[in-house]
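Please consult the sequence and the structure shown below while reading.

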Amino acid sequence: MRTFELTAPTTIDEALGDTGTFLAGGTTLVDLMKLDVLTPQRVQNINGLPLRGIDTSHGLRIGALERMSDVAANPGVYPAISRALLQSASQQLRNMASIGGNLMQRTRCGYFRDVDMPCNRRDPGSGCPAIEGANRMHAILGTSDSCAATHASDLAVALVALDAEVRLVSAGGERTVKLADFYMQPGQTPEAEHDLREGELIGEVVVPKLDWAANSTYVKVRDRQSYEFALTSAAVALDVRDGVIADARVAAGGVATVPWKLGVVEDVLRGKPATQETFEAAAALAAEGAKPLSGNAFKVSLLKRTIVRALLETTEGMQL
């Protein structure tokens, strides 16, 4: 790790009026600094900023500095969000990692994290070895010939499914962006991963009130149950009335360069009976547009099965 200057602003204005890389839990930043993937000269410890709180009175509002473990344990948090958090990292890391930091975490692509290898995200124009190399864990959706790295956050998948927004603060004011629009697919500029502008900071995550999101879940398929990133995942919420699906929210992870909202699956589910046959018909469309690489074609069928499993889990115990 290279030397750097550490500061600790106590107000948002102070933090935004300075330069440097923001540090909250440090569970991603410190790792990447140790690897020399990131080499900031100035780091701002922002844990003293007033960006905390969990409000469930009108939908769900989560301060960016809330810890993952605290959000997961809050009884007012929708099950899909809580389960996504509980399946992320280890308990020790969840106790440290912040909500804002989780949403801003960088890809776990091995090429990105190895400074001796080319990587268009880390060094634009240097190339993407994953396209022809080891790519079992890589994306099949939202890729380009410049990058096929998957987005790492479980939480982001659940939040995108539930139409969450992020409130971004800056010296010039605030703006709110749907999380599904916040993340950018790589295209020919994979180094541009999100719509956070210079001088902005995530202040809060806002999830709209959705009474039926109590019928939600998050299913994560991985190589091992402990401390592993997703091969595929699915966040699902269903509004079922008299055995018929009135509304649905579905998103996938582990298969795309961004948390992948599955509007086409939602459209097929709406107005149909809540049966396994319906679930399978809807999930069959989940991988539309997929471009598998040499080592990850298995994710096409695995994604479909993961979505069916999540839908079945969501309706388990319902009187249909």
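## The largest nonpolar core

The largest nonpolar core comprises 69 residues, and Ile 81 and Leu 269 have the most contacts inside it. Such a core is a set of buried Ala, Val, Leu, Ile, Met, Phe, Trp, Tyr and Cys residues joined through side-chain atoms within 4.5 Å. Helix H8 (residues 154–161) gives the most to this core, contributing 7 residues. Helices are DSSP runs of H or I with at least four residues, strands are runs of E with at least two, and both are numbered from the N terminus.

Leaving aside residues up to four places away in sequence, Ile 81 touches Leu 60, Leu 155, Ala 158, Leu 159, Leu 162 and Val 207. Contact here means heavy atoms within 4.5 Å.

## Basis of the model

The model is predicted: local features need pLDDT of at least 70, side-chain atom pairs count only at pLDDT 80 or more, and totals for chains, interfaces and linings use all residues. Residues are numbered from 1 along each chain as its sequence is written, and side-chain values use heavy atoms, with hydrogens and water left out.

## The aromatic pair

The structure holds 1 aromatic pair. The ring centres of Phe 182 and Tyr 183 lie 5.4 Å apart with their planes at 70°, so the pair is edge-to-face. Rings of Phe, Tyr and Trp (its six-membered ring) pair if their centres lie within 6.5 Å; planes under 30 degrees apart count as stacked, over 60 as edge-to-face and the rest as tilted.

Phe 182 counts as buried because its relative accessibility is 0%. Tyr 183 also counts as buried, at 8% relative accessibility. Buried means under 20% relative accessible area, exposed over 50%, and partly exposed in between (1.4 Å probe, protein chains only).

## The parallel sheet

An open sheet of 3 strands has the order S1-S3-S2, with parallel pairing. Strand S1 (5–7) and strand S2 (21–23) are the edge strands, each pairing on one side only. Two strands pair if DSSP finds at least two bridges between them.

Strand S2 and strand S3 (residues 42–45) are joined in the parallel sense by 3 bridges. Within this pairing, Phe 22 stands opposite Gln 44 in S3.

## The antiparallel sheet

Another open sheet has 4 strands in the order S9-S10-S11-S12, and its pairing is antiparallel. Its edge strands are S9 (216–221) and S12 (260–261), each of which pairs on one side only.

Strand S9 runs antiparallel to strand S10 (residues 232–241), and 6 bridges join them. Ser 216 stands opposite Ala 237 in S10.
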